[in-house]
Amino acid sequence: MKHTPILLLTLVAASASAAGLGSGLNYNRVEVGYVSSDSVKGFNVGATAELANSGVLVSGTYADVDGKGDIKGFGGYMTGFGLAYKFNVGSGDLAVGLGYQQGQFGSSTGFAVAEQTSLGLQYRQALGSSAEFSLGYQRVRTNLGALVVVGGFIQGGAASENDNIFSVGLRYNFTKNLDLSLTYAFTGTSAGGDALGLSAGYSF
């Protein structure tokens, strides 16, 4: 999607005019989940932590996935990490961060590798005492490479693309520690296509 993140920036600008005492949102969380995009589906685990209440957030993910569509028959894993800084904006938080993700996939006819680097924004705000929402924007660069056997011959290919990714999320907190989260990312085909994620989390 080739759009400017107008909705997110408008929300942030409007919220910034209100002086806040802190959102009270917890960023120390581990999760297990399921994700399905236009190109892959599978299970993932992840964790995020705030370093000593400094506003600095570190995160890591691991996913075991199977290919869909053009890469059906491939399977593999993806790992990633992120580093961000969050600050209070109105009644919520705005996080600005960098991310890196890489994956390796194989099939009976060849293998493929992919990596993504990103720069992004995420706004997060509580909705009452039990629910919250988030809005996100990322500028992502995806690098792909593959070697496959076709008709007894080895063929190779590589590609690089830049994409804008917009995401929305909802979370319901059953208790102070347990939650269920739903996310949807509007993503260009070169970055894997639109993705739906569902996860159960534990906050500590």
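1. Y137 is buried, and F166 is buried as well, where buried means under 20% relative accessible area, exposed means over 50%, and partly exposed lies in between (1.4 Å probe, protein chains only). This is a predicted model, in which local features need pLDDT of at least 70 and side-chain atom pairs count only at pLDDT 80 or more, while totals for chains, interfaces and linings use all residues. Residues are numbered from 1 along each chain as its sequence is written, and side-chain values use heavy atoms, with hydrogens and water left out.

2. A search of the whole structure finds 8 aromatic pairs, a pair being rings of Phe, Tyr or Trp (its six-membered ring) whose centres lie within 6.5 Å, with planes under 30 degrees apart counted as stacked, over 60 as edge-to-face and the rest as tilted. One of them is the stacked pair of Y62 and Y77, at 6.1 Å centre to centre and with 20° between the planes. This pair links distant parts of the chain, since Y62 belongs to strand β3 (residues 56-67) and Y77 to strand β4 (residues 75-89), 15 residues apart. Y62 is partly exposed at a relative accessible area of 38%, and Y77 is also partly exposed, at 29%.

3. The rings of Y137 and F166 form a pair with centres 5.2 Å apart and planes at 50°, so this pair is tilted. It too links distant parts of the chain, with Y137 in strand β7 (residues 131-150) and F166 in strand β8 (residues 153-173), 29 residues apart.

4. The largest nonpolar core has 7 residues, namely V40, A63, V65, F74, M78, F105 and A112; such a core is a set of buried Ala, Val, Leu, Ile, Met, Phe, Trp, Tyr and Cys residues joined through side-chain atoms within 4.5 Å. Leaving aside residues up to four places away in sequence, V65 touches V40, K41, G42, G75, G76, M78 and F105, a contact meaning heavy atoms within 4.5 Å.

5. Which elements does the secondary structure of the protein come to? There are 1 helix and 10 strands, taken as DSSP runs (helices H or I, at least four residues; strands E, at least two) and numbered from the N terminus. Buried residues make up 37% of the 204 residues in the protein. Among contacts between residues at least 6 apart in sequence, 51% join residues at least 24 apart.
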